[in-house]
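Q: Please take a close look at one helix-to-helix contact in this model. Go through how the two partners meet, and then pick out a single residue there.

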Amino acid sequence: MGELASALDALAAVDLDELGDAELLDRARELVAAAHRVHAELTRVVRRSDVRGASEHDGARTVRGWLRGVPRISGAWAGDLVRHGRALEWLPATA
């Protein structure tokens with residue numbers, strides 16, 4: 001995870017005003033693809049945490065509750081992550 005944080009820091013250090021229009025749009029396209037990959041991995045991790053009951057390790061009854069309390073995401077997003085993770089069981093091609 002440290003490598004990911006370092007890569008994000010490097011991305012944030014780029015002066016966007018120095019990029020041409022095509023470079024800026026290419027960067028946006030690549031970032032959208034990367035964001036989808038990160039979201040897919042987050043969904044996979046949330047599902048495994050849900051199956052294991054890992055949230056109890058931090059004192060939360062459910063993974064949804066842990067997502068709301070620890071990383072402090074909205075209840076709607078937490079619910080979506082849990083539901084999408086559970087759907088992976090039935091739609092393995094989407095995993």
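A: This is a predicted model. Start with the geometry. Helix H2 covers residues 21-52 and helix H4 covers residues 75-88. Their axes come within 8 Å and cross at roughly 80 degrees. Angles of 65 to 115 degrees count as roughly perpendicular, so H2 is roughly perpendicular to H4.

Next, the residues that touch. H2 contributes His39, Leu42, Thr43, Val46, Arg47 and Asp50. H4 contributes Trp77, Leu81, Val82, His84, Gly85, Arg86 and Leu88. By type, the residues of this contact divide into 6 nonpolar, 4 polar and 3 charged.

Now H4 by itself. H4 has 14 residues. From its first C-alpha to its last, H4 reaches 20 Å. That is close to the 20 Å expected at 1.5 Å a residue. The buried residues of H4 are Gly75, Ala78, Gly79, Leu81, Val82, Gly85 and Leu88. They pack against H2 and also against helix H3 (63-69).

Finally, one residue on the other side of the contact. Threonine 43 sits in helix H2. Its relative accessibility is 8%. Buried means under 20%, so threonine 43 counts as buried. Leave aside its neighbours within four places in sequence, and threonine 43 is in contact with Leu81, His84, Gly85 and Leu88.

How values were computed. Residues numbered from 1 in each chain as written. Predicted model: local features only at pLDDT ≥ 70, side-chain atom pairs only at ≥ 80, totals over all residues. Heavy atoms only, no water. Axes fitted to C-alpha atoms, helices over the stretch in contact; angles between N-to-C directions. Helix = DSSP H or I, 4+ residues; strand = E, 2+ residues; numbered from the N terminus. Parallel < 35°, antiparallel > 145°, perpendicular 65-115°, else oblique. Contact = heavy atoms within 4.5 Å. Nonpolar A, V, L, I, M, F, W, Y, C, P; charged D, E, K, R; others polar. Expected span 1.5 Å × (residues − 1). Buried < 20%, exposed > 50% of the residue type's maximum accessible area, 1.4 Å probe, protein only.
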